[in-house]
2 protein chains.
Amino acid sequence: MKKNLIVGQSGGPTCVINSSLYGVILEALQAENHIDEIYGMVNGIEGFLKGNVISLKKQLDSNEQKVLQTTPGAYLGSCRYKLPANLEDEVFAKLFEELTRLNIGYFLYIGGNDSMDTVSKLSRYAESIQSSIRFIGIPKTIDNDLILTDHTPGFGSAAKFVATTVREIAMDAAIYDKKSVTIVEIMGRHAGWLTASSVLARKFKNDNPVLIYLPETSFNEEDFLKEIKQHLNTKTNLVVCVSEGLHDEKGDFICEKVNSVSVDNFGHKVLAGCGKYLEELVKKHLNVKVRSVELNVTQRCSSTLLSKTDLDEAALAGRAGVQAILTGETGKMVAFHRATNKPYSITTSLVDVNEVCNQEKKVPLEWITNHDTDIADEFISYVLPLIQGNVTIPQKDGLPLFAYRNF
Amino acid sequence: MKKNLIVGQSGGPTCVINSSLYGVILEALQAENHIDEIYGMVNGIEGFLKGNVISLKKQLDSNEQKVLQTTPGAYLGSCRYKLPANLEDEVFAKLFEELTRLNIGYFLYIGGNDSMDTVSKLSRYAESIQSSIRFIGIPKTIDNDLILTDHTPGFGSAAKFVATTVREIAMDAAIYDKKSVTIVEIMGRHAGWLTASSVLARKFKNDNPVLIYLPETSFNEEDFLKEIKQHLNTKTNLVVCVSEGLHDEKGDFICEKVNSVSVDNFGHKVLAGCGKYLEELVKKHLNVKVRSVELNVTQRCSSTLLSKTDLDEAALAGRAGVQAILTGETGKMVAFHRATNKPYSITTSLVDVNEVCNQEKKVPLEWITNHDTDIADEFISYVLPLIQGNVTIPQKDGLPLFAYRNF
C-alpha cells in the first residue's frame with residue numbers, strides 16, 4: 001500500500017540544506033510505486049504541529065527544483081523546537097495522530113544535532129506504540145560537529161567561503177605599510193572545524209592568517225598578545241582567525257566579557273563579539289592599528305562560493321535517506337564514509353540516530369599545533385577535497401535566482 | 001625622447017583597482033616608442049618618498065598580468081598620505097628631484113578624492129616650475145562619490161556584492177516563523193550609493209530589504225522604530241539596510257552615540273558600529289528577535305562577485321589614462337560618460353582634477369523616497385548596468401589565485 005512522505009528542515013540555515021531537500025524530492029518522485037504524496041512541513045516540527053504542511057509536488061515544477069538546489073536558507077522554513085524528553089508527553093500522541101491522518105509512512109528530517117534529537121524521539125515513540133511510520137535524519141550543519149560521519153553537508157561550502165574570504169581579507173589588510181592586526185571571527189560555538197578551514201587561505205610560509213584559535217583549547221589573553229607582538233616583529237600586516245566560541249581556562253566565553261548574553265530555546269547561549277573584544281584587547285596593549293571582521297551569517301548563506309562536492313553530497317544524502325526509509329530503516333541518520341582520499345570518494349551508510357543526537361564532534365587535539373595557534377597538515381588533507389568544484393548559480397539581471405515558497 | 005612611466009595606487013582597496021593597474025601596464029607596453037620603463041611606486045606617494053619603487057616589467061610576465069587583473073586589494077600597496085597645501089613645501093622639490101632622477105615623464109595615480117588631491121598638487125607644482133612631467137588620475141572608489149564622472153570603477157562590483165549578499169541574508173533571515181529584524185550595515189560614510197544598491201536584492205513587492213537608510217538625509221530613531229513596528233505587522237522577518245554614516249539632524253553620527261557602547265571588564269568603552277547600535281535600540285524598544293550584520297571589508301575585497309562591466313571599465317580607465325598622458329594631457333582625471341543606458345554604453349573623457357578633488361557626489365535627494373526609507377526606480381536603472389556580467393577567477397585547489405609583489 002502506498003504511503004505519503006513528509007520532509008522537514010530544522011536548525012540553522014546552510015547554503016546546501018535545500019540541495020538535500022532537492023535530493024529527497026528527486027528520489028521520492030522516482031519511487032512512485034511506494035510513495036504517493038510528498039509533503040513538506042513548513043517550519044519543521046513546530047510548523048507541523050500547527051498544521052503547516054504543503055504539497056511539494058504542487059509547489060515545484062522541474063525547473064524550480066533546479067533553482068531550489070542552489071537556494072540558500074531553508075526553503076521549507078526551519079525551527080528550533082525541542083520535543084520533550086518524556087515520551088508520554090501528549091505532544092507525541094498529537095503528532096502521530098496528525099501523521100496518521102496524512103497517511104504518512106516516511107518522515108525525513110534535515111538538520112544537525114538537535115534535529116537528530118527529534119528523529120530519535122519520534123522513532124522511539126513510534127516503536128513504543130508499534131507504529132509503522134519510519135524516521136530518518138539527513139545531516140546538515142556548517143559546524144561539521146556531527147559524530148559517526150566523516151563530515152556533514154554544509155561544511156564544505158562554508159569552509160570554501162571562509163578560506164576564500166580570509167584570503168581576500170588578507171589582500172585587503174596588506175595594502176598599507178603600517179603595522180596592523182585584522183581579527184576575523186568565524187562561526188563555531190564548540191567545534192573549530194570552520195575556523196580551522198581558514199588555514200587554507202595561506203599561499204606561502206608565514207602567510208596570513210598567521211594565527212588561528214579554535215574553541216577546542218583554552219584561550220589565554222596574555223599568550224595571545226605575546227604571539228601577536230612576536231609576529232609583528234617579522235610581518236607588517238597580521239590576520240588572525242578566531243572562533244566565536246573561544247573561552248578561557250575556566251570555560252568562560254571570551255565574548256561574554258563584553259556582551260550581554262541571551263539564550264535560545266535549547267538553552268544555548270547566543271554568542272557574538274569575541275572578535276570585537278580581542279580588537280579592544282590588542283588596541284589597549286599594543287600600539288598598532290587593529291580591526292575586527294565578523295563573517296557573520298554570510299558564511300552560511302553565500303551561494304556564490306558553493307562547493308560542488310558539498311552540493312552534490314547534500315543531494316546524495318537526501319536521496320540515500322529516501323532509499324533507506326523505503327527499505328524499512330528507521331531511527332537512523334545518513335552518514336558519509338570516506339572510502340579513499342586520493343582520489344577523494346565517499347560512500348553513504350546509516351548510523352543509529354540515538355548515538356548521534358546531542359553529541360559534538362570536535363577537531364582532534366593532535367590537529368591543533370604550535371601552542372594552540374596553528375593547524376596541522378592532516379586537517380588540510382581532510383578538508384581540501386570538501387571545497388572542490390564550483391557551481392554556476394542561475395542568474396537574472398546579474399543577481400542570483402532563488403526558489404521561494406508560494407504563500 | 002623616450003621617458004619612463006610611473007604608476008601608484010592610493011586610498012582604500014577595491015577589487016578592481018588592480019584591473020586599472022593592469023590597463024595602465026597593457027597600454028604602456030604597447031606605447032614602447034614613447035615609454036621606456038614602467039615603474040610602480042610601492043605604497044603610493046608615501047612609499048615613493050622613501051624610494052620604494054619597483055620595475056613592473058620585471059615583476060609581471062603576461063600570465064601574472066592576467067591574474068593581477070582579478071586580484072583584490074592593491075598590488076602596489078597603498079597609502080593615506082596628504083601632500084601639504086603649500087606648494088613651496090620642500091617635499092615637492094624632493095619629489096620632483098626623484099622623478100627627474102628616474103627620468104619620469106608620465107605619472108599616473110589610481111585613487112579616490114584624496115588621491116586626486118595629490119594629482120592636483122603635483123600637476124600644479126609641475127606647472128609652477130615649468131616641469132614637463134605630466135600627471136593623470138585614474139578614478140577608483142567603491143563609494144562612487146567622485147564628481148564629474150557617471151560612476152567610478154570599484155562601485156559596480158561592490159554594488160553587485162551588496163545586492164547579492166543582502167538577497168542571501170534575506171533568505172537566511174526568513175527561515176523562522178518568528179518576528180525578527182536583521183540590520184545590515186553597509187559602507188559609505190557620506191554617500192549612500194552602496195547602501196542604495198541593496199534595493200536590487202528585492203525580487204517582489206514588499207520584499208526585503210523593506211527599509212533602506214542613506215546618510216544623505218537625517219536619521220531619526222523614533223521614526224525608525226515606528227517604521228519597523230509597522231512593517232512587522234505585515235511581514236515576519238524584516239531586513240533593514242543602513243549606511244555606516246547615518247547621522248541625526250544635528251549631524252552627529254549614530255555610531256558615535258555614547259549610550260550605544262558596551263563596557264568591557266576593564267571598564268573600557270567598546271565602540272559599536274551603527275548597525276550594532278540600532279540592533280540594541282530595536283532590542284530595547286520592540287519585543288522582537290534582532291541581529292546586525294556588518295558587511296565590513298568583504299564588500300570591497302570580494303573577487304567572487306566581480307562585475308565584468310566594472311572590471312572591464314577599470315582596465316579601460318587605466319588605458320585611457322595612458323593614452324591621455326601620451327597626447328600631452330596633465331592635471332586631469334579620466335571620467336566616464338554614459339552615452340546610452342539601453343543598451344548601456346560609456347565613453348571616457350578627461351575632467352579637470354582640480355575640480356574633482358575634495359568634492360563628494362551624493363545620491364540625489366529625489367532618488368530617496370518614502371520618507372527617506374526607500375530608493376527610487378531611477379537609481380535602479382542607473383545602477384543595474386554596472387553590476388552586469390560575471391568573471392571567472394583563476395583558481396587552484398578550489399581557491400582563487402591572486403598576484404603578489406615579490407619582496
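Student: How many aromatic pairs does a search of the whole structure find over all chains?

Tutor: The search finds 30 aromatic pairs over all chains, where rings of Phe, Tyr and Trp (its six-membered ring) pair if their centres lie within 6.5 Å, and planes under 30 degrees apart count as stacked, over 60 as edge-to-face and the rest as tilted. One of them is the stacked pair of A:F92 and A:Y125, with 5.3 Å centre to centre and 25 degrees between the planes. This is a predicted model, in which local features need pLDDT of at least 70 and side-chain atom pairs count only at pLDDT 80 or more, while totals for chains, interfaces and linings use all residues. Residues are numbered from 1 along each chain as its sequence is written, and side-chain values use heavy atoms, with hydrogens and water left out.

Student: Where in chain A do A:F92 and A:Y125 lie?

Tutor: A:F92 belongs to helix 5 (residues 90–101) and A:Y125 to helix 6 (residues 113–128), 33 residues apart; helices are DSSP runs of H or I with at least four residues, strands are runs of E with at least two, and both are numbered from the N terminus.

Student: Is A:F92 buried or exposed?

Tutor: A:F92 counts as buried because its relative accessibility is 0%; buried means under 20% relative accessible area, exposed over 50%, and partly exposed in between (1.4 Å probe, protein chains only). A:Y125, at 11%, also counts as buried.

Student: Which residues form one aromatic cluster?

Tutor: The cluster consists of A:F92, A:F96, A:F107, A:Y109, A:Y125 and A:F135.

Terms used
Chains lettered and ligands numbered in written order.
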